[in-house]
Amino acid sequence: MLINFDAGPATLPRTVLEQASEAIRDYNSSGLSILEIPHRGKAFEAILEEANSLVKTLLGLGDDYAVLWLQGGGRLQFSMLPMNFLGADETAGYIESGHWAEEALHNAVLYGHAEVLGSSKEDQYRYIPDWGTIPEHLQYVHLTSNNTIYGTQFFRFPETDVPLVADMSSELFSRKLDYSRFSLIYAVAQKNIGPAGVTLVVVRKSMLEKQKRTLPGILSYKAEADNNSVLNTPPVFAIYCSLLTLRWIHSIGIEAMDRRNQEKADLLYTAIDNSKLFYGVARKEDRSLMNVCFRAHDDSHTQAFLDFARERNITGIKGHRSVGGFRASLYNAIGIEAVQQLVDALHAFEKG
Ligand SMILES: Cc1ncc(COP(=O)(O)O)c(C=O)c1O
């Protein structure tokens with residue numbers, strides 16, 4: 001097998017792939033494949049109930065939060081959020097820390113007003129911008145807690161009574177945080193949770209009452225919550241795989257996962273910082289534990305190292321097409337041995 005550092009669709013735990021394969025053949029000895037079970041039947045009801053409960057347990061959240069499994073990816077969340085919670089004459093705050101944050105902002109102005117609270121765009125998003133004092137009139141503040149393309153991460157969050165909304169697509173379940181500070185969290189599955197095709201949304205139930213306009217059910221958080229994410233036919237298999245990953249994370253524990261992720265990132269950043277050929281791109285204090293972005297001082301080393309790594313069965317380390325260089329994504333399912341192999345490859349390449 002290859003060691004896959006891709007930013008997403010990303011590596012899933014081996015045990016999840018094995019259990020998912022078995023479920024495709026025969027789900028729980030039911031005589032039906034997981035691909036064939038009815039979405040309104042008892043078996044899927046049980047999958048949803050366990051998944052929802054594990055999400056809340058892992059995030060330390062109570063029954064004042066609803067867990068939703070939606071379709072349309074991160075991009076639908078960029079517009080669903082303002083569609084639901086931003087009236088035409090109202091304003092929301094956005095922290096512009098990367099491309100995805102910018103996309104979210106562009107969608108907000110289709111429905112209301114948006115104020116940029118801080119931006120690092122002028123410096124190619126190398127750092128997490130300051131946001132200053134949060135104005136009280138805002139309907140919500142949106143941030144992208146981990147910037148997949150640039151390898152930056154928030155390690156502190158705005159102190160405010162304005163509802164906080166976070167796109168945690170490339171980090172959810174990777175670290176211990178006080179998640180109750182957020183009124184809405186969303187994360188596409190294909191990085192740290194499961195296969196593409198489903199997006200996890202965790203929303204404070206009191207937010208659901210604030211819907212600003214009449215919406216078709218499929219675009220309304222409240223309607224999805226009222227129907228337990230089964231308003232239409234949900235992606236049963238993607239949700240089932242997500243449940244398998246959640247069980248795996250739970251068996252390790254979020255604190256242990258957090259420590260493991262720190263160790264992995266330290267190992268790789270230390271190798272990059274000590275390298276003569278490569279350098280880290282993001283500002284040190286904002287460096288992401290999930291997506292490690294680095295570059296070669298000499299451009300001719302970029303393709304050479306990609307080829308060199310591939311010969312060692314390492315794949316998925318090419319930087320996003322908009323920034324180039326390298327990016328190693330160290331999501332939960334990447335073990336420390338995999339990171340060590342990448343570090344060994346860096347050292348071997350450097351020795352020539
Ligand atoms: C932080 C973040 N948000 C949103 C997205 C967009 O997700 P999707 O392709 O599912 O729309 C990505 C994709 O990489 C991402 O990294």
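Which helices each supply at least two residues of the shell around the ligand? In this predicted model, local features need pLDDT of at least 70 and side-chain atom pairs count only at pLDDT 80 or more, while totals for chains, interfaces and linings use all residues. Residues are numbered from 1 along each chain as its sequence is written, and side-chain values use heavy atoms, with hydrogens and water left out.

The helices are α3 (73–85) and α5 (189–192), helices being DSSP runs of H or I of at least four residues, numbered from the N terminus. The largest share of the shell, 4 residues, comes from α3. In total, 13 residues surround the ligand, the closest being G74, R75, T148, D167 and K191; a residue is included if one of its heavy atoms lies within 4 Å of the ligand. By class, the shell has 3 nonpolar, 7 polar and 3 charged residues, where Ala, Val, Leu, Ile, Met, Phe, Trp, Tyr, Cys and Pro count as nonpolar, Asp, Glu, Lys and Arg as charged, and the others, Gly among them, as polar.

Polar contacts (N or O pairs within 3.5 Å) to oxygen atoms of the ligand include one from a polar side-chain atom of T148 at 2.5 Å, one from a backbone N or O atom of G74 at 3.1 Å, and one from a polar side-chain atom of W100 at 3.3 Å. Taken alone, the ligand exposes 390 Å², of which the protein buries 86% (Shrake-Rupley method, 1.4 Å probe).

Terms used:
A polar contact is a pair of N or O atoms within 3.5 Å; within protein, one must be able to donate a hydrogen and the other to accept it, and residues adjacent in sequence count only if both atoms are side-chain atoms.
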